[in-house]
Amino acid sequence: MERTRWYKDKVFYQIWPRSFKDGNGDGIGDLLGVYEKLDYLKELGVNGIWFSPIYPSPGADCGYDIADYMDIAPEFGGMEAFRAVLEGAHERGMKVLMDLVVNHTSDEHEWFQKSRQRIDPYTDYYIWRPAKPDGSLPNNWDSNFEGKAWTYDEVRGEYYLHLFAIKQPDLNMDNHLVREEVKKIMRFWLDMGVDGFREDVITYISKKEGLPDDHLFPIYKGMPNYNHGPHIHEYLAEFKADVWDHYDIFTVAEAPLVSPELALKYIAEEGGQIDSMIQFQCECADCLFTDYIPMPFSLVRMKKAFSDWQHKLRGKAWNVLYIENHDHPRIISRYGSEKFWKESGKTLAASYLFLQGTPFIYQGQEIGMLNWKPRSIEAYRDVQSIYNYHHWSPKLTEEQKLRKLWRSSRDSARTPVQWDNSPNAGFTDAETPWMDVNENYHEINVAQQLADPDSILNFYKKAIGLRKSLKSVRYGKYIEHFPLSPTLYCYTRELKCEKLLVLCSYSDKPQNLKVPKGYDLSKGSLVLQNYASPLPGILQPYECRVYLFK
């Protein structure tokens, strides 16, 4: 089957199912709730869905610890509910991507249970090592979530590697039998009609031979020995040749610590193995490596990330565009302004929706959901947040620890979607949802914004519609203007006689309006704006304007 590039014309919406919509009243978001909201997604203008994991899982990492790759968890409605959602999405012209998590499984997966007992052929499905001769751990690598990357298993009498939670043992992808299992999983879902995969930390699946100690990397020690490992391109090329090339699908790699130059080895349209890549650089304008090492927000840093990927991939590979997902706190609370909530939410949307690439919108982003500020660690559900809280310096007060979590925790992106101002924000009819709802749902919810023509939600609808109508957004040249401005993001998309000018202020004070040379605003049409009455020569706080020239 010839693989087409239909994904270049799509706008995807990421659903984190447990917190999207509860359809059966048990307090947990599910596929019945998704089915109920398919028309809402269509009206928003999206024509693709990416599901975060919905497989059976004990929930150590909210579903990213998978116990069975070829089933749907009962709490989400099981396989019957998934088939209904898949069919309903396709009837509405929406593609569906599944999360493919094959760097690791749950320790409750059948493979791991047999591997720890040395039952063939599963004995070497995971990465097992004895202690060093001095009794220390097999190497000095860190887990991304919970301390060191090795845990001793009493049954096997050896340590297993887990780059994430203790209950997420890493698969041994060097074992060809494991790769064959992965291919079976892919074919199972593709034969059912799924349209592709988002591939979780796929660049971690090949570890350096001998698993050597790391004496260079300051945090996440060991990462240079497993990120972009020695056989990564070989294994991805094998998946592509044996599976992906036989279906008309979209494959997206998640890749921490990747540059555009390195990304091209994976996603170049000539010679690459994967269609596109989710990079983390656009999420590092207010932190160093991780959200837990905060820095002041730098618009220049954000612009540089956007522009580097636009320039260096143009004509060679295809971008994924996003500003929010399940792994980071809410973007208005980070890059925007809670004081100028509506204005900055719209400006953030305009900043990325007119770039070249396939946009992804994360649930709740379209209504400007904000960071969550619970008063107790007991409210948190994220394994990383809970581990960090309990291992921060004892010199920190309770208030200081909570403030760090308010700023950095992934759980801010995982609170239930705020549908209306009824109890529990209309997310569930149950008395108690699986996770607390953000207390601001009376002011921020879908129902209120559907009724308000000036809402963030209706701005997203307009922006998505405009994006789809303009050839310059898909094909046009990207030019950034005033790259060193600390308050203005200005870029143009140019294609023959069609030109788009995007102006976005990131200041809470009025700024003098700067326009690139060759652009006369009086000759353009103001096709999108977040202030009803723009002022001549002035950009108001967090103002954005989009002009079309023909």
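1. Basis. This is a predicted model, in which local features need pLDDT of at least 70 and side-chain atom pairs count only at pLDDT 80 or more, while totals for chains, interfaces and linings use all residues. Residues are numbered from 1 along each chain as its sequence is written, and side-chain values use heavy atoms, with hydrogens and water left out.

2. Largest pocket. Its volume is about 760 Å³ (the space filled by probe spheres set on grid points, joined across faces, edges and corners). A pocket is an open set of points on a 1 Å grid over the protein atoms alone, with protein on both sides within 12 Å along at least five of seven lines; lining residues have an atom within 4 Å of a point. The lining counts 42 residues, with Pro256, Phe280, Phe289, Thr290 and His328 nearest the centre. Strands E8 (250-255), E10 (287-288) and E11 (290-294) and helix H8 (299-313) each give two or more residues (DSSP runs, helices H or I of at least four residues, strands E of at least two, numbered from the N terminus). H8 has the largest share, 4 residues.

3. The lining splits into 20 nonpolar, 11 polar and 11 charged residues. Ala, Val, Leu, Ile, Met, Phe, Trp, Tyr, Cys and Pro count as nonpolar, Asp, Glu, Lys and Arg as charged, and the others, Gly among them, as polar.

4. Cavities. There are 3 cavities of 30 Å³ or more (sets of points where a 1.4 Å probe fits but cannot get out). The largest cavity holds about 80 Å³. Its lining includes Phe306, Trp309 and Tyr322. H8 again gives the most, 4 residues.

5. H10 and H14. Helices H10 (341-353) and H14 (456-469) pack at about 15°, axes 10 Å apart. Axes are lines fitted to C-alpha atoms over the stretch in contact, and angles run from 0 to 180 degrees between N-to-C directions. The pair is therefore roughly parallel (under 35 degrees; over 145 is roughly antiparallel, 65 to 115 roughly perpendicular, the rest oblique).

6. H5 and H6. Helices H5 (176-192) and H6 (232-242) pack at about 40°, axes 11 Å apart. They are therefore oblique. Among the contact residues are Arg179 and Glu180 of H5 and Glu238 and Asp242 of H6 (heavy atoms within 4.5 Å). The contact has 6 charged, 4 nonpolar and no polar residues.
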